[in-house]
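Subject: Handing over a structure

Hello,

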Amino acid sequence: MKKILSNTLKISALILLVSLSSCKKFLDVVPKGVKVPTTLADYEAMIRDEYGNQRTTITQAVLLMNDKFETTANLNYYPLYSANYFWNENADRIALNNGDETTYYNAYTAISTSNLLIEHVPSATESSEADKGQLIAQAKVLRALNYYVLTNYYADTYEEANAASKLAVPLILSADINAPHTQVSIKELYTFMLKDIEEAIPNLRATSATVLHPNLGAAYALKARLLLTMGRYAEALSAANEALKYNDKLYDWTQFYTTYKTQIEQPNVYTNAQSPMGFDFVENYYFRHGTNFNAARESALRTDRATRFETGDARFASRWKLRTVAADTYYTSITTGFYNYGGLTTTEVYLIKAECQARLNDIPGAMATLNAVRVKRIFAQNYVPLTASNTIAAVKLIQRTKANELINSITTFADARRLNKDPNYATTLTKTENGQNYSLSPSSHLWTMPFPQGAFKNPGNGTIKQNVDK
């Protein structure tokens, strides 16, 4: 995927130029190498900036979940990594988070780009009104997605009983460099995100220019995610069904394993195939990078994390392989390429649908939806359709699959946080490391990340209050 704009300095300069477009004298002097956008094509190119606008880095959440194997060197070098990885409730993570944390700054860079498009595309030249409306709608979907990441990282999970009284993150509505902002409540932010999606849907189309441009399926998928998080199950189910009208394909991982079986099972060989989860992945509604935006391997898995996959999971067997290097034993990634960690896929929508069916007491329907995913994942010799006798049992089975399917995404972190609020699903994480036992309570303050000091101490034209004490 070609990177139209390759560095954030160009993005920042461009945003500054456009946001100050009312100052003619300023615009008379354009920095060399920076173009002031005027046509729709100029603006549309900004969405394609994969480095600035199309990645979701949630390193600390992945570490807290212990969903990756982390090296001793990194744990020793980065105290914040160690605090989250070892569930150290005594650590002052606010003091430790003194760097330029990509989660925060990258999300707000992307939000600024969305704000710029929403503000200025109406005056773009060389375009129809319908095309301008589509680009504005795509910017609104992306803005909502970025706010979802931020609030599920730096604020508490959504609970109807207290969402209006707990703070979320700063809501910024303009690309102007001195734009004012307010740190709104969790309820206000969710209302805003849903409003963005509702306003976007009438102007979106079934298909879009690239997989980086949200289409109707993507908008409904994100709507379903938001409504599920809010516990509005009937509405989430409706949105999930709408998304599946635009794409209901599921990738067959058992076939992938069969294709590469000889290479995968070859001893001491750890690079076997290209990732099928890239830009042309059949499950994509919308593609978004995780931490890496260049072709690479996935993160390695801890051996205890690997045990949570079902026996016979072809998706797991196709992607990770047990390896020992010196004193470390872990499951190393055996595919290379791109991975849709930050976007929206049919698998997530199927599993949202399944949970909503279970919550609405359609247990047979929930299990049928879950098994539609599993039959494409579990080897035939291991596959048995799952059944459940009640909602609680069904949701637990659905969440087991979802946590594995969407590993390393904001969705698994957000799901863990919301489920931890319900005694029926709350889970204490445990592990043993170098002979020492560790645990993470579902009520631990560690489930909310502190704002980075750079943002907290320099909040711009507004204020920021930490949502966690340490």
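This is a predicted model: local features need pLDDT of at least 70, side-chain atom pairs count only at pLDDT 80 or more; totals for chains, interfaces and linings use all residues.

**The cavities**

With a cut-off of 30 Å³ or more, the count comes to four cavities. The largest cavity holds about 170 Å³ of space. Its lining is made up of 18 residues, and those nearest the centre are Met277, Asn340, Thr345, Glu405 and Leu406. Sorted by class, the lining of the largest cavity has six nonpolar, six polar and six charged residues.

The second largest cavity has a volume of about 80 Å³. Around it you will find Glu310, Asp313, Val373, Arg374, Arg377, Ile378, Arg400, Thr401, Asn404 and Glu405. Helix H19 (363–374) and helix H20 (391–405) are the elements that give two or more residues to this lining. H20 gives the most, with four residues. The classes here are two nonpolar, two polar and six charged residues.

**A pocket to look at**

Which element gives the most to the lining of the second largest pocket? That is H20, with six residues. The second largest pocket has a volume of about 550 Å³. It is lined by 21 residues, and Arg308, Gln399, Ala403, Thr427 and Leu429 are the closest to its centre. Besides H20, helix H21 (410–419) and strand E10 (429–433) give two or more residues to the lining. By class, this pocket is lined by eight nonpolar, seven polar and six charged residues.

**How helix H3 packs**

Two packed helices are described by the angle between their axes and the distance between the axes. Helix H3 (residues 40–47) gives you two such cases to look at, one with H10 and one with H9.

Take H10 (residues 129–154) to begin with: its axis and that of H3 come within 11 Å and cross at roughly 20°. Angles under 35 degrees count as roughly parallel, so H3 is roughly parallel to H10. Their crossing is left-handed. From H3, the contact uses Leu40, Tyr43, Glu44 and Ile47, while H10 brings Asp131, Lys132, Leu135, Gln138 and Leu142. Together these residues divide into five nonpolar, one polar and three charged.

With helix H9 (residues 102–120), H3 packs at an angle of about 160°, and the axes are 10 Å apart. Angles over 145 degrees count as roughly antiparallel, so H3 is roughly antiparallel to H9. H3 passes H9 in a left-handed crossing. Tyr43, Met46 and Ile47 of H3 meet Thr113, Leu116, Leu117 and His120 of H9. This contact has five nonpolar, two polar and no charged residues. Tyr43 and Ile47 take part in the contact with H10 and also in the contact with H9.

Enjoy exploring it!

Best wishes

Key
Residues are numbered from 1 along each chain as its sequence is written. Side-chain values use heavy atoms; hydrogens and water are left out. Axes are lines fitted to C-alpha atoms, for helices over the stretch in contact, and angles run from 0 to 180 degrees between N-to-C directions. Angles under 35 degrees count as roughly parallel, over 145 as roughly antiparallel, 65 to 115 as roughly perpendicular and the rest as oblique. A crossing is left-handed if the near helix is turned anticlockwise from the far one by less than a right angle, and right-handed if clockwise. Contact means heavy atoms within 4.5 Å. Ala, Val, Leu, Ile, Met, Phe, Trp, Tyr, Cys and Pro count as nonpolar, Asp, Glu, Lys and Arg as charged, and the others, Gly among them, as polar. On a 1 Å grid over the protein atoms alone, a cavity is a set of points where a 1.4 Å probe fits but cannot get out, and a pocket is an open set with protein on both sides within 12 Å along at least five of seven lines; lining residues have an atom within 4 Å of a point. Grid points are joined across faces, edges and corners, and a volume is the space filled by probe spheres set on the points.
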